[in-house]
Each structure stands twice: as structure tokens, then as C-alpha cells.
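Let's walk through a few spots in this fold. Keep the viewer open as you read.

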Amino acid sequence: MKKAVKRILNAFDMPLSLIGVLWIIRIVESVLNLNWAHGGILPRQTEGLLGILTSPLLHGSFNHLSSNTGPLLVLGWCLFYFYRHISRIVFPLLWILSGFFTWCIGREAWHIGASGLIYALASYLFFSGFFKRYIPLLLVSVVIALVYGGLVWGLFPTAGYVSWEGHLSGALAGYIIAYLFNKENLERP
């Protein structure tokens with residue numbers, strides 16, 4: 001029993017650490033009255049390439065960050081719990097690929113926030129469960145679809161300040177990585 005509880009708790013390590021860093025960055029930016037949006041992705045511009053790595057760390061407001069915190073925690077935990085053996089490879093791939101796709105297809109504006117990564121995680125978890133045909137992971141796919149099914153609307157241009165391109169890029173990255181890793185052996189939870 002102790003081993004199972006430890007595994008459940010260990011799956012929170014990475015998501016909680018990332019969320020802590022995001023909040024620290026946002027607090028520092030706010031307290032010092034800074035605007036680090038230019039550290040985001042500026043599509044098809046060399047000055048926006050660094051944003052592929054940094055854009056998920058930056059948020060325009062505390063509301064923006066708050067809305068990303070819950071999904072990052074839940075979806076991050078799912079990745080690091082159910083896909084423990086490949087999560088440390090999959091997570092950075094989702095991060096980089098979703099950012100790269102945003103850099104390729106995004107409109108000319110600074111794209112910031114972790115929502116592209118959230119879409120990548122949701123998409124990966126959803127499709128990977130189907131590709132692996134393992135009942136517990138299929139159930140995770142169904143739960144992701146039920147809880148985060150509303151994310152589908154974020155794939156379309158609705159509000160000018162929302163990076164639907166980042167959402168679409170994340171969803172595409174998640175699908176691609178799920179497909180590429182669909183033959184990986186599972187460590188049965």
C-alpha cells in the first residue's frame with residue numbers, strides 16, 4: 001500500500017514544481033511591474049524562437065495563470081502517473097512541439113501561456129489511451145473527454161486575445177506524440 005501511495009504522490013512532483021515556477025514568475029513580474037510577454041512566441045520571426053521554450057512560463061495576468069493551474073495539475077499528474085516510464089521524454093516533446101507548431105502557424109502576435117501545453121497533454125492522454133487499447137488508459141481517455149471536452153472550442157478563433165493557434169498546435173502535438181509512442185510497453189498501474 002505504501003508503494004502505491006508513494007507513486008500517486010510522486011506523480012505530483014513535476015506538475016507542482018512547474019506550477020510553482022509559473023506562479024513565482026507571475027508574482028515577480030507583477031511586483032516589479034514588468035511585462036515579459038516579449039519572451040513568448042512571435043511566429044515566423046527569429047526573435048520569437050526562444051518563446052518555444054519560454055512561452056508556457058509566461059502569463060498575461062493572474063486570471064490567465066489561474067485558469068491554467070488546475071488543468072496543468074490534473075493532466076500533468078495523469079501523464080506522470082499513467083505514463084511514468086516515458087513521461088520525462090513525452091513531457092518535453094509536448095512542450096517543444098506545441099511551441100514549434102505555434103511558431104509555424106500562429107498569427108503575428110506574441111503568444112504566451114501554458115494553454116498550448118495543456119492542449120498537448122489532454123490530446124496526448126486522450127489519443128494514447130485509444131492507441132494502446134488498455135482498459136484503464138481507455139477510461140482515462142473517456143474521463144479526459146468528459147472533463148475537458150469543452151477544450152474543443154478553444155481550437156477555433158473566438159476571441160482576439162486567445163491563441164487558438166497555440167491550442168490547435170498543442171492538440172496536434174499531443175496526437176503526434178501519442179501516435180509515435182503508441183508501441184511503448186506500459187508499466188501497468
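## Ground rules

This is a predicted model, where local features need pLDDT of at least 70, side-chain atom pairs count only at pLDDT 80 or more, and totals for chains, interfaces and linings use all residues. Residues are numbered from 1 along each chain as its sequence is written, and side-chain values use heavy atoms, leaving out hydrogens and water.

## Helix α4

Start with α4, residues 62–82 (helices are DSSP runs of H or I, at least four residues, numbered from the N terminus). Its end C-alpha atoms sit 30 Å apart, which agrees with the 30 Å that 21 residues should span at 1.5 Å a residue (1.5 Å times one less than the number of residues).

There's a kink of about 25 degrees at Asn68, shortly before Pro71 (the angle between axes fitted to the seven residues ending there and the seven starting there).

## The core

The largest nonpolar core has 38 residues, and Leu72 and Tyr124 touch the most other members. Such a core is a set of buried Ala, Val, Leu, Ile, Met, Phe, Trp, Tyr and Cys residues joined through side-chain atoms within 4.5 Å; buried means under 20% relative accessible area with a 1.4 Å probe, protein chains only. α4 gives the most to this core, with nine residues.

## Ser128

Ser128 belongs to α6, residues 115–132, and is buried at 1% relative accessible area. Not counting residues up to four places away in sequence, Ser128 touches Tyr83 and Ala178 (heavy atoms within 4.5 Å). Tyr124 touches both of these too, with Leu79 and Phe181 also among its partners.

Conventions
Helices (H or I, at least four residues) and strands (E, at least two) are DSSP runs, numbered from the N terminus. Buried means under 20% relative accessible area, exposed over 50%, partly exposed in between (1.4 Å probe, protein chains only).
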